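User: Hi! I'm new to this one and would like a friendly walk through its aromatic side chains and its surface. Could you put it up first?
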Amino acid sequence: LWVLVFPSSIFSGYKWHDEMKYFIERRGNTGGGVPVNTNLKYAGHAAVKLTHILPSTIWSASIPFQLHPKVRRTYKALHRLTGYAFFCTSLLLIIGIVLIDRRKLYWHLADYPSIPNYEHISRFQFIQQSAQYLPEYSIYALTAWFTFTAIAALAFVRRKNFAQHQNYVIRHVASGIWVAVQRVLLIIFTPTLKSQIDAKEAFFDCGFYAV
């Protein structure tokens, strides 16, 4: 829904999208809502959209077909087909993260232009003390775990060790679905946020809670 329906980040860069009343009104926002740049920063970055944003919808939609016991038992061909889609999009998501890193499209670098990049990363002082490297290195660590769990799940299914395959699919899902949990937490906490500083700190902290 976030990607395709609203705020539909996949369509950033298209005039009809970027000139919607919602985005025009939020360009001057200094309150605690999600900044407009979060959704518009991918304009001109088609490679990121095609390797990270769009594949995330296929990856997420494939999860029930991988985890639901009845689907796995009753619809084996569907389980296998969506499994191919699931792991292919995992690879694309990893490539997309590399592109986001190379193009400096991280939330703390691109979403809050009025706030210095490494200031107000978190409300937690112990996190803020490590702010010069923690945002990027936390993504590196999460991406490494996301990659490892995908490789392990594929390795076990090739060996027909389906119990371990399932264990690592669950770990792989958890290593990526935290982003959706973060978004839900942000929606819950947004009414309590009074400024863009609050919003920036909440972005990392909600991700911290989600992980």
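User: Thanks! Which residues form one aromatic cluster?
Analyst: Trp59, Phe86, Phe87 and Phe146 make up one aromatic cluster. Before we go on: this is a predicted model, where local features need pLDDT of at least 70, side-chain atom pairs count only at pLDDT 80 or more, and totals for chains, interfaces and linings use all residues. Residues are numbered from 1 along each chain as its sequence is written, and side-chain values use heavy atoms, with hydrogens and water left out.

User: Good to know. How many aromatic pairs does the structure hold?
Analyst: It holds 15 aromatic pairs. Rings of Phe, Tyr and Trp (its six-membered ring) pair if their centres lie within 6.5 Å; planes under 30 degrees apart are stacked, over 60 edge-to-face, and the rest tilted. Trp59 and Phe86 form a stacked pair, 5.5 Å centre to centre with 15° between the planes.

User: Where do those two sit in the chain?
Analyst: Trp59 is in helix α4 (residues 46–67) and Phe86 in helix α6 (residues 76–102), so to speak two distant parts of the chain, 27 residues apart. Helices here are DSSP runs (H or I, at least four residues), numbered from the N terminus.

User: And why is the pair of Trp59 and Phe146 tilted?
Analyst: Their planes are at 45°, with the ring centres 5.9 Å apart, so the pair counts as tilted. Phe146 lies in helix α9 (residues 134–158) and Trp59 in helix α4, so this pair ties together parts 87 residues apart in sequence.

User: Are Trp59 and Phe146 buried or exposed?
Analyst: Trp59 is buried, at 4% relative accessible area, and Phe146 is buried too, at 5%. Buried means under 20%, exposed over 50%, and partly exposed in between (1.4 Å probe, protein chains only).

User: Switching to the surface: which residues form the nonpolar patch?
Analyst: Phe126, Val184, Ile188, Phe189, Phe208 and Tyr209 do, with about 610 Å² of accessible area together. Patch residues have over 30% relative accessible area and no salt bridge, and nonpolar side chains (Val, Leu, Ile, Met, Phe, Trp, Tyr) are joined within 5 Å.

User: Which element gives the most to the patch?
Analyst: Helix α10 does, with 3 residues. Phe189 lies in α10 and is partly exposed, with a relative accessible area of 34%.

User: Last one: which ring does Arg171 lie over?
Analyst: Arg171 lies over the face of Tyr168, at 4.6 Å from the ring centre. The cut-offs for a charge over a ring are NZ of Lys or CZ of Arg within 6 Å of the ring centre and within 35 degrees of the ring normal.

Notes. Patches are made of residues with over 30% relative accessible area and no salt bridge: like charges are joined within 9 Å, nonpolar side chains (Val, Leu, Ile, Met, Phe, Trp, Tyr) within 5 Å. Accessible areas come from the Shrake-Rupley method with a 1.4 Å probe; for residues, only the protein chains shown count as cover. A salt bridge is a side-chain nitrogen of Lys or Arg within 4 Å of a carboxyl oxygen of Asp or Glu.
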